[in-house]
Amino acid sequence: MKESGHTVAWFVPDGDEAERFLLPEDRRLLTVPEVKKYSPHAVLTSGNMIPDFFPGIKVQLFHGIDSGKDGEADIRGFYDLYCTQSPIKTAPFIKLRQKYKTFDYVETGWSKLDSLFSPHPETQKYKKKERLILYAPTFSKSMTSTEVLYEQIKRIVRAQPWQWIVKFHPKVTSKEITMYRELESSNFQIIEIDDPVPLLQAADVMLSDTSSIVTEFSLLKKPVVTFRNRKPRDWMVHFSDPQDLEVHLQQAFNPSTKIMDQIKKYSEAIHPYRDGRSSHRVVTAIENMIVSGTDHLEPKPLNLIRKFKMRKKLRYFSLK
């Protein structure tokens, strides 16, 4: 946005978990009146809902690249523009646009991934050995592998010369962190950084469970080992018995032609853009809608209950 000459501000109320991601130079808006005064031409979010009382066109960027619902889309009547990620993700919006006519869509690729396809300056500092495993479990108690796989990971760390890097989810418990701290050594590190890109680029194999990060890693066309994934795919090296962990890591380090073909097929289908310019396409799509306006769109549904919930959440009940 800034490179295109636009000003940018972040609406982050006090106490919001997004506070820690703000940079010193970022302009921050704390309240709805401040947003109103700022009067943006466009508001971008990644959630399913957005305050309808914010000025500007409403733009959906999506919070994940693969929900596991190919051919489906969740629209709730809040957005003017959807920036989709691939032909697979665009397909349902074509049909929904024809049906409702309340929004436009542009296939842009996912802007979050732009940095993934460009060399990161810190990538090489994490690569110390030929075989590097990135362990990135989810935080959900019902799906995380941290406790179930711990004993096997401990055994493998001691038995194999492989390098391990652990990237925990921000919502991981202190108990889990403490447990894995006991394994730290020259071959096993817990890395606390917000941007996982250098870790994704450095690793040869990823070990995870049902975390969404496995999809991002697959876009680099490298093997992913998943433990009890909710929806295992044919491009994953999947297993359910903790005792089989080492065997499947060995398989991932020496992947078959079949599994690599499946990874390539999936990654090109889910996000074919590798030029690192998805953000540029998003900005262009927004600029075009700002110029054309939204008068060509049909009125959106009333959504009274959802709109009230949004006002209640932000404690804003003014009609202005």
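User: Is S39 buried, partly exposed or exposed?

Analyst: This is a predicted model. S39 is found in the loop between α1 (32–38) and β3 (42–45). Buried means under 20% relative accessible area and exposed means over 50%, with partly exposed in between. The relative accessibility of S39 is 41%, so the residue counts as partly exposed.

User: What is the phi of S39?

Analyst: Most residues other than glycine have a negative phi. S39 is not a glycine, and yet its phi is positive, at about 50°.

User: In which loop is K101 found?

Analyst: K101 is a residue other than glycine with a positive phi, near 60°. At 38% relative accessibility, K101 counts as partly exposed. Its place is the loop between α2 (87–100) and β6 (104–107).

User: Which residues is T146 in contact with, leaving aside its neighbours within four places in sequence?

Analyst: T146 is found in the loop between β7 and α4. With 1% relative accessibility, under the 20% limit, T146 counts as buried. Once neighbours within four places in sequence are left aside, its contacts are Y135, P137, F168, E176, M179 and Y180.

User: Where do the buried residues of α8 fall, seen down the axis of the helix?

Analyst: Helix α8 covers residues 245–253, and its buried residues are L245, E246, H248, L249, A252 and F253. An α-helix has 3.6 residues a turn, so residues three or four places apart point the same way. Seen down the axis of α8, the buried residues fall within an arc of 165°, so they line one face of the helix.

User: Which elements are included in what covers the buried residues of α8?

Analyst: The cover includes one helix, α4 (150–159). The strands in the cover include β7 (132–135), β8 (163–166), β10 (205–208), β11 (224–227) and β12 (237–239).

User: How far apart are the C-alpha atoms of K231 and T210?

Analyst: K231 lies in the loop between β11 and β12. Its relative accessible area is 45%, so K231 is partly exposed. K231 and T210 are 21 residues apart along the chain, and their C-alpha atoms are separated by 8.0 Å.

User: Which residues does I263 touch, not counting residues up to four places away in sequence?

Analyst: I263 has its place in helix α9 (residues 257–270). Its relative accessible area is 0%, so I263 is buried. The C-alpha atoms of I263 and P223 are separated by 7.4 Å, although these residues are 40 apart along the chain. Not counting residues up to four places away in sequence, I263 touches S218, K221, K222, P223 and W235.

User: What is the radius of gyration of the protein?

Analyst: The protein has eleven helices and twelve strands. For 320 residues the globule rule gives 20 Å, and the protein comes close to that, so it is as compact as a globular protein of that length; its radius of gyration is 22 Å.

User: Of the contacts between residues at least 6 apart in sequence, what percentage join residues at least 24 apart?

Analyst: Of the 320 residues of the protein, 44% count as buried. Contact means heavy atoms within 4.5 Å. Among contacts between residues at least 6 apart in sequence, the part that joins residues at least 24 apart is 59%.

User: How far apart are the mean positions of the positive and negative charges?

Analyst: The protein has 49 positive and 40 negative charges.

Conventions:
Residues are numbered from 1 along each chain as its sequence is written. This is a predicted model: local features need pLDDT of at least 70, side-chain atom pairs count only at pLDDT 80 or more; totals for chains, interfaces and linings use all residues. Side-chain values use heavy atoms; hydrogens and water are left out. Helices (H or I, at least four residues) and strands (E, at least two) are DSSP runs, numbered from the N terminus. The radius of gyration is taken over C-alpha atoms; the globule rule is 2.2 Å times the number of residues to the power 0.38. Buried means under 20% relative accessible area, exposed over 50%, partly exposed in between (1.4 Å probe, protein chains only). Lys and Arg count as positive and Asp and Glu as negative; His and the chain ends are not counted. The place of a charge is taken as NZ of Lys, CZ of Arg, CG of Asp or CD of Glu. The arc is that of the directions from the helix axis to the C-beta atoms.
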